[in-house]
Amino acid sequence: MTGTFYTGRAEADGPVNRGWLLGHFLPDGDIRHSDEVEIKWGVHPQGEQRAQWVTREERTSLHVLISGRFRIEVPGESILLAEQGDYMVLHQIGHSWRAEEDSILLSVRWPSVPGYAVPEELLRAGEGNQA
């Protein structure tokens with residue numbers, strides 16, 4: 001996927017990288033590889049939740065609700081994204097999340113750095129998803 005442009009479909013491309021459409025985890029040489037930003041099309045079934053809190057967070061992220069009801073937990077607060085277009089920006093703060101209904105979110109995170117993924121064994125067990 002080298003070149004000057006790429007077209008795709010989030011529903012088809014997202015599951016290949018747990019929803020991530022752009023970021024450091026795509027192969028070098030792929031036009032979607034980036035160390036500056038990550039973009040995710042997150043499809044979350046009702047009841048899905050992050051397997052563990054993100055801790056020692058050094059990034060900033062934006063989460064925009066496309067559909068559903070999605071709760072984001074930060075220390076001492078619980079924020080519900082309930083209407084299309086509701087969004088939350090997190091800046092260097094630990095968090096967790098839970099889909100209260102089948103939900104779709106568009107998330108943008110920067111910078112794109114390794115080291116924050118939920119361990120694969122938890123993902124295979126269906127206990128979480130990368131946030």
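Buried here means under 20% relative accessible area, exposed means over 50%, and partly exposed is in between (1.4 Å probe, protein chains only).

Before going further, a word on the model. This is a predicted model, in which local features need pLDDT of at least 70 and side-chain atom pairs count only at pLDDT 80 or more, while totals for chains, interfaces and linings use all residues. Residues are numbered from 1 along each chain as its sequence is written, and side-chain values use heavy atoms, with hydrogens and water left out.

**Aromatic pairs**

Back to Trp 20. What does Trp 20 form with Phe 25? The two form an aromatic pair that is tilted, at 5.7 Å centre to centre and with 55° between the planes. Phe 25 is partly exposed, at a relative accessible area of 27%.

A search of the whole structure finds 2 aromatic pairs. The other features Phe 70 and Trp 97, which are stacked at 5.4 Å centre to centre, with 25° between the planes. This pair links distant parts of the chain: Phe 70 belongs to strand 4 (residues 70-74) and Trp 97 to strand 7 (residues 96-99), 27 residues apart. Phe 70 is buried at 4% relative accessible area, and Trp 97 also counts as buried, with 6% relative accessibility.

As for the terms, rings of Phe, Tyr and Trp (its six-membered ring) pair if their centres lie within 6.5 Å; planes under 30 degrees apart count as stacked, over 60 as edge-to-face and the rest as tilted.

**The overall layout**

Zooming out, the chain has 2 helices and 8 strands. Along the sequence, they follow the pattern α-β-β-β-β-β-β-β-β-α. Helices (H or I, at least four residues) and strands (E, at least two) are DSSP runs, numbered from the N terminus.

Of the 131 residues in the chain, 37% are buried. Among contacts in the chain with a separation of 6 or more, 67% come from residues 24 or more positions apart; contact means heavy atoms within 4.5 Å.

An open sheet of 5 strands has the order 1-2-8-3-6, and its pairing is antiparallel. Its edge strands are strand 1 (20-22) and strand 6 (87-91), each pairing on one side only. Neighbouring strands of this sheet are turned by 20° against each other on average, direction ignored. Axes are lines fitted to C-alpha atoms, for helices over the stretch in contact, and angles run from 0 to 180 degrees between N-to-C directions. Two strands pair if DSSP finds at least two bridges between them.

| Strands | Bridges | Example partners |
|---|---|---|
| Strand 3 (residues 60-67) and strand 6 | 5 bridges | His 63 and Met 88 |
| Strand 2 (residues 38-44) and strand 8 (residues 103-110) | 7 bridges | Gly 42 and Leu 105 |
| Strand 3 and strand 8 | 7 bridges | Ser 67 and Ile 104 |

Strand 8 also holds Arg 109. Is Arg 109 buried or exposed? With 5% relative accessibility, Arg 109 counts as buried. The C-alpha atoms of Arg 109 and His 63 are separated by 8.7 Å, though the residues are 46 apart along the chain.

Strand 4 and strand 7 run antiparallel and are joined by 4 bridges, and Arg 71 stands opposite Arg 98 in strand 7.

**How confident is the predictor?**

The predictor's confidence in each residue is its pLDDT, from 0 to 100. The chain averages a pLDDT of 87, and 86% of the residues score at least 70. Among the elements, strand 3 has the highest mean pLDDT (98) and helix 2 (residues 120-124) the lowest (47). Over residues 122-131 the pLDDT is below 50, and this stretch has 36 contacts in the model beyond near neighbours in sequence.
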